[in-house]
Structure formats: structure tokens, C-alpha cells
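Trainee: I'd like to learn how to read a structure like this one. Can you take me through it, feature by feature?
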Amino acid sequence: MCTQTKAAALMANIPGADIDPSGVFKYVLIRVHSREEGDDAEVDIVRGYGWAEYHADIYDKVSEELEKGGHLDCECIGGGRIRHDAQAKKIHVYGYSMGFGRANHAVSTEKLKARYPDYEVTWDNEGY
């Protein structure tokens with residue numbers, strides 16, 4: 001019998017990427033861990049929204065939501081910016097977060113490619 005922890009089941013249902021439908025906005029790369037003993041499962045997720053004045057605004061809202069049940073723990077592993085051009089089907093990831101440092105844009109780009117398979121998704125370390 002295969003047993004899956006509650007945390008693993010929850011993580012399996014977290015979208016790898018969730019960003020605004022278009023525009024230029026801040027984003028964070030968040031590592032979600034299991035809090036359950038003996039379960040070292042983790043998943044990285046991308047979240048980016050235009051409403052955020054600071055990268056921490058996104059992290060605070062998302063981590064609060066995910067940590068609610070007590071099974072998951074979150075850690076921000078960096079940030080940057082996203083330029084999302086829905087009409088041209090292009091996403092560009094760049095820059096860094098003053099508070100969290102530069103996210104690994106290669107990881108973020110892979111998450112976005114999975115979410116937007118018909119898009120051209122690129123990244124570089126220029127800008128802020």
C-alpha cells in the first residue's frame with residue numbers, strides 16, 4: 001500500500017506558476033516544504049502580481065495561504081520581475097529582489113514554460 005503524506009498531497013495540487021495575465025510586475029520563487037516528520041518533500045513555485053509594491057507582499061500573502069493548515073512551510077528563495085505579453089505570447093524573466101536577492105531565473109523559466117507551453121519564455125540577469 002502506498003501512503004502519501006498530507007503535505008505531499010497538498011503540494012501535488014499547488015500550481016507551479018501563477019502570474020498576472022499581462023504586464024510588468026514583481027515575482028518571487030518560493031520553496032514549499034513539508035512540515036511532517038520524515039517527509040522531505042519540497043516544490044518550487046513562481047508567483048508574480050502587479051498589485052505588489054514589494055516582493056515581500058507576494059511572499060507574505062502566498063506563504064500565509066499555503067501554511068494555513070500546518071502541513072507546509074514556505075521559504076522565499078529569490079525574486080525578480082516578469083514582463084508578460086499575452087498577445088505576443090512572450091514572457092521575459094529578469095532582475096532581482098532587494099529583499100530576497102536574485103531568484104534562479106532558469107528554474108522560474110521552466111515553471112513558466114510548463115504553465116505556458118505555447119509561449120516563448122526567456123530570462124536574463126539584467127535590470128532590477
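Predicted model: local features only at pLDDT ≥ 70, side-chain atom pairs only at ≥ 80, totals over all residues.

Trainee: What is the phi of lysine 89?

Mentor: General idea first: most residues other than glycine have a negative phi. Now the case here: lysine 89 isn't a glycine, yet its phi is positive, about 55°.

Trainee: Is lysine 89 buried or partly exposed?

Mentor: Anything under 20% relative accessible area is called buried, and anything over 50% exposed. Lysine 89 comes out at 37% relative accessibility, so it counts as partly exposed.

Trainee: Okay, strands next. Which strands pair with strand 3?

Mentor: For pairing, look at the bridges and the direction. Strand 1 (residues 17–19) pairs with strand 3 in the parallel sense, over three bridges. Strand 2 and strand 3 run antiparallel, and eight bridges join them.

Trainee: Which residues in strand 3 are the bridge partners of aspartate 18 and tyrosine 27?

Mentor: Aspartate 18 has arginine 47 as its bridge partner in strand 3. For tyrosine 27, the partner in strand 3 is glycine 48.

Trainee: How many residues of strand 3 are buried?

Mentor: Six of the eight, so that strand, residues 42–49, is mostly covered. Take isoleucine 45, which has its place in strand 3: its relative accessibility is 0%, so it counts as buried. Valine 46 is found in strand 3 too, and with 0% relative accessibility it also counts as buried.

Trainee: Which residues touch the most other members of the largest nonpolar core?

Mentor: That core has 16 residues, and Ile14, Ile30, Val32, Ile45, Val62 and Leu66 touch the most other members. Helix 1 (6–12), strand 2, strand 3, helix 2 (55–67) and strand 4 each supply at least two residues of this core. Helix 2 gives the largest share, with four residues. Apart from this core lies another, of 14 residues, with Ile19, Ile91, Val93 and Leu112 among them.

Trainee: And isoleucine 14, what does that residue touch?

Mentor: Leaving out residues up to four places away in sequence, isoleucine 14 touches Val32, Ile45, Arg47, Leu66 and Leu72.

Trainee: Now a record question. Which residue does UniProt list for "binding site"?

Mentor: Lys26, and the entry is an unreviewed one. With an annotation like that, remember that it may be inferred rather than shown by experiment. In the model, lysine 26 is found in strand 2 (residues 23–34). Its relative accessibility is 15%, so lysine 26 counts as buried.

Trainee: What is lysine 26 in contact with?

Mentor: Leaving aside its neighbours within four places in sequence, lysine 26 is in contact with Arg47, Gly48, Tyr49, Ala52, Glu53, Tyr54, His55, Ile58, Gly80 and Arg81.

Trainee: Last topic: rings. How many aromatic pairs are there?

Mentor: A pair of aromatic rings is described by the distance of the centres and the angle of the planes. Here the count comes to three aromatic pairs. One of them is tyrosine 49 with tryptophan 51: the ring centres are 5.6 Å apart and the planes are at 10°, so the pair is stacked. Tyrosine 49 is buried, with a relative accessible area of 11%, whereas tryptophan 51 is partly exposed at 46%.

Trainee: Is the pair of tyrosine 116 and tyrosine 119 stacked or tilted?

Mentor: Tilted, because the planes are at 55°, with the ring centres 4.8 Å apart. Tyrosine 116 is buried, with a relative accessible area of 10%, and tyrosine 119 is buried at 16%.

Trainee: Which residue lies over the face of tyrosine 116?

Mentor: Arginine 115 does, at 4.8 Å from the ring centre.

Terms used:
Residues numbered from 1 in each chain as written. Heavy atoms only, no water. Buried < 20%, exposed > 50% of the residue type's maximum accessible area, 1.4 Å probe, protein only. Contact = heavy atoms within 4.5 Å. Pairing = 2+ DSSP bridges. Core = buried A, V, L, I, M, F, W, Y, C linked by side-chain atoms within 4.5 Å. Phe/Tyr/Trp six-rings, centres within 6.5 Å; stacked < 30°, edge-to-face > 60°. Lys NZ or Arg CZ within 6 Å of the ring centre and 35° of its normal.
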